[in-house]
Amino acid sequence: MEANTRWVALTAVAPVAWGANYFVTHEFLPADHPLYGAALRALPAGLVLLALCRQRPHGVWWGRSAVLGLLNVSVFFVLVFAASQLLPTSVASTVMAVSPLVMMVAAWLLTAERPRPAHLAGAVIGLGGVCLMLLGGADAISVPGVLASAAAVLVSSFGHVLAKRWNTGTDSGSRSGAAAAAGAGVLASTAWQLTAGGLLLLPVAVAVEGAPPPVSPSALLAFGYVALVATALAFSVWFAGLRRLPAGTVGLIGLLNPVTGVLLGTVVAGEVLTGRQLGGLALVLAGVALGRPTAGARTGRRLPAGAPVDPAPRRGLRTGPGPGRPT
């Protein structure tokens, strides 16, 4: 249980970094170059992780990396970039609050990982808390921006659960499925996705947007944060969490994304949180707490009554430290 708590804390780094990413993108990156913005976020991050893990795809992972790179990187990054530019930071990040429910449904359909009642309750409570934080909020809201953010939720939820299915071998009951999963460490799998997604985006950006946009010193620093912190680091810990925690738990941890966006927007704008917003924040944190995994729910499935809990990790999941896995 203590190990699970550590993985919850580590996984939480990702949504916090993503919540801040909305503000950084909105304030510092060129607004009219979403394809270049997404490519310059993905490709440097992927190359950095490739240099660290020094592994290339093999077998089915060539195709899987391309599919996951398209979903989790190419399409997702462009949609997030567009939403970040079209919407206030708090609104753009808040739409992501529906992701826990979407991720639970996707996990149920793709991996037969039935959400626990606590996960569902936590998702509903957390979503209610985020809505409460934003009541009476913002100025004019861009409909295309909201649609881009909602589409990003759908694409990323499907892509993340698909990554969980392929990385843990749950796509097949055969030994070959588990062996394929065991051969792809978290760092390597993340590096392949980011590199593939960046390579897919680059020629499209050149064809559609022409020459790269001029980059100011502040934009260069912003790209450094976006690529290294909000992408390389955040995606590594996120996918590591997906391997070791139920999808419902990881989805609820994602509620820290809109919380970070709202708090950052409030602090930077010099506004004071109202009692309603503080109450909403408390509800979100309560929703995240409800999703904490128990010893009998590490995989998202209930254990039969009286069944012993095996504390040892299942073979092929590679939970210990080693190449391609965070320590």
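**Ground rules.** I am working with a predicted model, in which local features need pLDDT of at least 70, side-chain atom pairs count only at pLDDT 80 or more, and totals for chains, interfaces and linings use all residues. Residues are numbered from 1 along each chain as its sequence is written, and side-chain values use heavy atoms, with hydrogens and water left out.

**Whole chain.** I went through the secondary structure and found 14 helices and zero strands. Helices here are DSSP runs of H or I with at least four residues, strands are runs of E with at least two, and the numbering starts at the N terminus. Next I checked burial: of the 327 residues, 52% are buried. Buried means under 20% relative accessible area, exposed means over 50%, and partly exposed is in between (1.4 Å probe, protein chains only). The chain exposes about 14,100 Å², and carbon and sulfur atoms supply 70% of that. Accessible areas come from the Shrake-Rupley method with a 1.4 Å probe, and for residues only the protein chains shown count as cover.

**Helix H4.** I picked two residues here. Asn72 sits in H4, which spans residues 61–86. Why do I call Asn72 buried? Because its relative accessibility is 0%. Its side chain has a polar atom 3.4 Å from the backbone oxygen of Gly159, and the Asn72 side chain also reaches the backbone nitrogen of His160 at 3.4 Å. A polar contact is a pair of N or O atoms within 3.5 Å; within protein, one must be able to donate a hydrogen and the other to accept it, and residues adjacent in sequence count only if both atoms are side-chain atoms. Not counting residues up to four places away in sequence, Asn72 touches several others, including Phe77, Val155, Ala163, Gln193 and Phe235.

A polar atom of the Ser65 side chain lies 2.6 Å from the backbone oxygen of Trp61. Beyond neighbours within four places in sequence, Ser65 is in contact with Pro57, Trp192, Gln193 and Ala196.

**Helix H3.** Ala42 belongs to H3 and is buried, at 0% relative accessible area. I traced how far apart Ala42 and Ala191 are: 149 residues in sequence, but 9.5 Å in space, C-alpha to C-alpha. Leaving out neighbours within four places, Ala42 is in contact with Val73, Phe77, Leu194 and Gly198.

Arg54 is in the loop between H3 and H4. I have it down as exposed because its relative accessible area is 75%. Its phi is near 50°, a positive value in a residue other than glycine. Most residues other than glycine have a negative phi.

**Surface patch.** I found a nonpolar patch made of Val13, Val48, Leu52, Leu228, Val229 and Leu233, with about 470 Å² of accessible area together. Helix H3 (34–53) and helix H11 (217–244) each give two or more residues to the patch, and H11 gives the most, with three. I also checked Leu233, which lies in H11 and is partly exposed at 42% relative accessible area.

Terms used
Contact = heavy atoms within 4.5 Å. Patch = residues over 30% accessible without salt bridge, like charges linked within 9 Å, V, L, I, M, F, W, Y side chains within 5 Å. Salt bridge = Lys/Arg side-chain N within 4 Å of Asp/Glu carboxyl O.
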